[in-house]
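Reader: Could you walk me through how to read the domains and the ligand site of a model such as this one?

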Amino acid sequence: MKPRRDLFGKEYITETIDSFEAIWNLGKDDKANPQIKWFYDVLNEYFSTINLSHPVIATEEARFKRIINEMPSTAFKTQTAKSIPYHRAKQPVNNVNYAQFYDLCKQRRSVRWFLDKPVPRELIDNAILAANQAPSACNRQPFEFRIFDDPEMVKKVVQLPMGTSGYGHSIPVMIVLVGNLDAYFDERDRHVIYIDASLASMSFMLALESMDLSSCSINWPDIEARESKMHSFLNLKPYQRPIMCMGIGYPDPDGLIAYSEKRPLHQIRKYN
Ligand SMILES: Cc1cc2nc3c(=O)[nH]c(=O)nc-3n(C[C@H](O)[C@H](O)[C@H](O)COP(=O)(O)O)c2cc1C
């Protein structure tokens with residue numbers, strides 16, 4: 001991209017336009033949709049910079065124009081800046097320095113004792129918004145957060161994984177992170193949902209801490225009987241997999257937190 005080549009992406013442009021058309025036909029949402037806008041802006045930028053004399057590019061540009069002519073402009077035109085490659089600001093825009101970030105990381109510990117205090121959904125949503133800034137392979141974001149804050153449902157869902165014995169009754173909100181295998185078309189990538197969801201859940205947990213909430217990750221075991229119970233509890237599609245669970249809530253200041261010493265730096269890093 002630096003400098004941009006005269007001709008690039010010709011191997012992918014046909015399938016990209018196919019996807020653009022298919023996604024549009026799927027929803028035909030005439031309201032501003034940030035993902036359609038992103039798709040439109042990138043393709044528009046592509047065709048405005050690429051060498052159009054190549055026959056494949058010319059054909060696909062014609063298709064692109066035909067598709068967008070049929071779309072209401074409200075679907076992709078907004079007053080906001082274009083969703084295309086941009087220069088990173090020269091100065092960091094965040095106010096968090098390393099010491100503050102390290103403290104936040106240290107503050108996050110697995111908490112298993114929570115106050116009997118409702119967790120505002122708005123705060124959970126805030127944490128999910130932060131989680132969704134995490135990287136994911138090809139930006140596919142192949143996961144969803146299934147959240148239970150209804151006490152009767154929490155009672156049921158805490159029993160589905162194995163790791164909640166002794167403290168499950170203290171959890172006010174239970175989350176099941178579900179991976180969507182349909183996001184990847186090759187079997188070779190079936191592990192990617194686990195990586196993508198784990199990266200997001202780390203940001204999620206840190207975001208909770210920044211709002212005085214705590215969490216405990218809970219293992220999802222690969223046991224067929226439990227898998228099928230969870231599938232029917234969550235009404236999952238055949239391509240969806242539970243990845244992990246998480247208990248969250250306001251930490252009980254009187255509840256003890258297990259001290260988990262971390263391995264020293266020299267044991268976990270090796271240069272070159
Ligand atoms: C993938 C994963 C699965 C876990 N499963 C459980 C579990 O089933 N039950 C539990 O009480 N804690 C569980 N934990 C929490 C760990 O025990 C905890 O993260 C670890 O001891 C380190 O402590 P810390 O989180 O306070 O740093 C899990 C953590 C991870 C990352």
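Author: We begin with the domains and then turn to the ligand. Please keep in mind throughout that the model is predicted.

Reader: Which domains does the assignment give for the protein chain?

Author: A domain assignment divides a chain into residue ranges, and here it gives domain 1 at 13-75 and domain 2 at 98-249. The centres of domain 1 and domain 2, taken over C-alpha atoms, are separated by 35 Å.

Reader: Which residues does UniProt list for "domain: Nitroreductase"?

Author: The UniProt record, an unreviewed entry, lists residues 106-157 and 170-250 under that name. Residues 106-157 are 38% helix and 12% strand, with the end C-alpha atoms 29 Å apart, while residues 170-250 are 37% helix and 30% strand, with the end C-alpha atoms 11 Å apart.

Reader: How should I read the shell of residues around the ligand, and how many nonpolar, polar and charged residues does it have?

Author: Counting residues with a heavy atom within 4 Å of the ligand, the shell has three nonpolar, five polar and four charged residues. Among them are Arg 108, Arg 109, Gly 163, Tyr 167, Cys 216 and Ser 260.

Reader: Which side chains have an N or O atom 2.7 Å from an oxygen atom of the ligand?

Author: The side chain of Arg 112 places an N or O atom 2.7 Å from a ligand oxygen, and the side chain of Lys 262 likewise has an N or O atom 2.7 Å from an oxygen of the ligand. On its own the ligand has 610 Å² of accessible area, of which the protein covers 64%.

Technical notes
Residues numbered from 1 in each chain as written. Predicted model: local features only at pLDDT ≥ 70, side-chain atom pairs only at ≥ 80, totals over all residues. Heavy atoms only, no water. Domains from an automatic or database assignment. UniProt positions renumbered as here; feature names shortened; annotations may be inferred. Helix = DSSP H or I, 4+ residues; strand = E, 2+ residues; numbered from the N terminus. Polar contact = N/O pair within 3.5 Å; in protein donor to acceptor, adjacent residues only side chain to side chain. Areas by Shrake-Rupley, 256 points an atom, 1.4 Å probe, with all protein chains shown as cover. Nonpolar A, V, L, I, M, F, W, Y, C, P; charged D, E, K, R; others polar.
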